[in-house]
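Good morning, and thank you for coming. Please look at the structure on the screen while I speak about its charged side chains.

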Amino acid sequence: MTGTVAVTFDLRAPHRAIVAEALGDMGRPVWLSDLDDAGRASALREAAAILARDTGKDLRPGEAGQIRSARLVQFITAGIDFVPLHALPAGIAVAGNGGAYAEPMAEHGLAMVLAASKRLLIEQAALGRGEFNQFTRNRTLAGQVCGILGFGGIGVATARMMRAVGMRIHAINRRGQSDDATDWIGSVADLDMLLRAADVLVISTPLTPATKDLIGARELGLMKPDAILVNLARGEIIQQAALFAHLRAHPEFWACIDAWWTEPVRHGAFRMDHPFLSLPNVIGSPHNSASVPGMTEIALRRAVANIRRALAGETPRYVLRPEQRMT
């Protein structure tokens, strides 16, 4: 037994069993929601690791500072840009759950691309008006380039999906290299090359100070006029006004938006500053690409696996560097 793992949020009994099973002999979970104030303080001080959902909401005022011995604060969500990480003690590693929901998100991205390329929503609406546009051309994906901005867990899963329908994979990640197969890979310095080549561009990179507002009018202008843009990451990576203007000016360009700029979980409400859903070349979904049966179980197992790495003295994955933190 390496130590205790303080779980900052409540879980139902089946999910608690998953955490305990996944930890095995590497640690013992302690549930803060079961403890009084003194017990919570003691658990946080003594924990070898922390498993959290949102420490800004899970922890009470002042409790973050009681974390002293933890080798890792591990979150169950992949994106933690909205969590007030500055409240956590300096020097303790903080990790998102990268790739936790990769497979269903990749499926969702492919579904959106197929709907756009095959004009499914447009032709369904036309059928409702009595129009039978049998000979209006749609698009095939085979042989085209899928550009993936952010070649981590979600990006790699997306590449597998897109390659299965015959697309070539161009990707960008921080290192400019990957053990996973691509037809071309570069770093962020090569973004312009990716944008020019992509018939489909899937955004799956984390929101960081470096990626905020990364895609604006200039970048959209480099893309093919009939490209399909899919955002599975964070709305703030794309400049909202620039995208709306580009969609209006280029009716053959498509935007498939799962991640919005103002959302309930992160901001307390859903809001658009521009009427994207009034445009025929937009497909939207309520950031539900990961909302499938079993998602919690998979996320917990992957998060605990990273905790086990830390407790075993190995380097945990998806640790945020200081310059990657938004808060």
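Predicted model: local features only at pLDDT ≥ 70, side-chain atom pairs only at ≥ 80, totals over all residues.

A salt bridge is a side-chain nitrogen of Lys or Arg within 4 Å of a carboxyl oxygen of Asp or Glu. Residues are numbered from 1 along each chain as its sequence is written, and side-chain values use heavy atoms, with hydrogens and water left out.

The structure holds 20 salt bridges. One of them joins Arg119 to Glu123, with 2.9 Å between the closest N and O atoms. Are these two residues buried (under 20% relative accessible area), exposed (over 50%) or partly exposed (in between; 1.4 Å probe, protein chains only)? Arg119 is partly exposed, at 24%, whereas Glu123 is buried, at 16%.

A second salt bridge links Arg266 with Glu236, where the closest N and O atoms are also 2.9 Å apart. Arg266 lies in helix H10 and Glu236 in the loop between strand S10 and helix H9, so the pair ties together parts that are 30 residues apart in sequence. Here helices (H or I, at least four residues) and strands (E, at least two) are DSSP runs, numbered from the N terminus. Both Arg266 and Glu236 are buried. Salt bridges with shared partners join Asp81, Arg234, Glu236, Glu263 and Arg266 into one network.

Finally, Glu21 and Arg301 meet in a salt bridge of 3.4 Å, N to O. Glu21 is exposed, at 53%, and Arg301 is partly exposed, at 37%.
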